[in-house]
Amino acid sequence: GANYVPKRGKSSGKCGLKQIGLAMHNYHETHRVFPPGGIETTEGKPYHSWQTMILPFVEQARLYNQIDFDHPWTDPANQSLFQQEIPQYLNPAIEEKVSPEGLGLSHYVGNKLLLKTNGRTQLRNIIDGSSNTIMAVETGENFKPWGDPTNIGDPATLIGGGKKTSFRGGNHVLLSDGSVRFVSENIDPAVLKALSTPDGGEVIGDF
């Protein structure tokens, strides 16, 4: 498909994911778990996202403290807060920063196999090894607001031939140890699947 022409080199795509990785680990240090991919009620109503939960760790504590967590992110009381653009959640190579409804977008998607809805994943639950398990993926299309609790997906459906990427030839991924790697769009699907599961027990070769 058509590619965005990066305004800067690939390194600029890494920095947002790097900051997210650091925030995830600082969150884990504080709460002893990684944030859930999304929080929803027992009736299945989406409330808040993983990116909202880590706001204090991406220098957005003031914004975080204004959110009314008794109400969903879509509640009128919260709406204006989610219109804000969070620099750490934006890829400099992508121009689209706000949704048609005026909500701040995220160019990064959490791995739903690791960051489960209402999940409580700990570092020690990542049996395949944190350097072999994807935590989040840079995407080039179908952006969701950073406050959207459904902004999680299976990396196997986000990476690969035919998917729109923001950098030529592939996507940056955040691994669970906090490192960022560039993954080719021609990656072996079996390797990608192995990288996506935290406890699949697969042996992962080079990628």
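Mentor: In the hairpin of β1 and β2, which has five residues between the strands, G44 takes a positive phi near 85 degrees. This is a predicted model, in which local features need pLDDT of at least 70 and side-chain atom pairs count only at pLDDT 80 or more, while totals for chains, interfaces and linings use all residues. Residues are numbered from 1 along each chain as its sequence is written, and side-chain values use heavy atoms, with hydrogens and water left out.

Trainee: Why are β7 and β9 said to stand at the edges?
Mentor: Five strands form an open sheet in the order β7-β4-β5-β8-β9, with mixed pairing. β7 and β9 (180-184) each have a single partner strand, so one side of each is left without a neighbour in the sheet. For β9, five bridges join it in antiparallel fashion to strand β8 (residues 170-175), and L174 has V180 as its bridge partner.

Trainee: Why is R32 called exposed?
Mentor: Buried means under 20% relative accessible area, exposed over 50%, and partly exposed in between (1.4 Å probe, protein chains only). R32 has a relative accessible area of 55%, and is therefore exposed. R32 is found in the loop between α1 (11-31) and β1, and its phi is near 65 degrees, a positive value in a residue other than glycine.

Trainee: How do you know that E59 counts as exposed?
Mentor: E59 has 72% relative accessibility, so the term applies to E59 as well. E59 lies in the loop between α2 (50-53) and α3 (61-66), with a positive phi near 60 degrees.

Trainee: How do you know which part of the chain has pLDDT under 50?
Mentor: pLDDT is the predictor's confidence in each residue, from 0 to 100. The protein chain averages 91, and 94% of the residues score at least 70, but pLDDT stays under 50 over residues 1-9. Where pLDDT is low, the predicted coordinates should not be read in detail.

Technical notes
Pairing = 2+ DSSP bridges. Helix = DSSP H or I, 4+ residues; strand = E, 2+ residues; numbered from the N terminus. Contact = heavy atoms within 4.5 Å.
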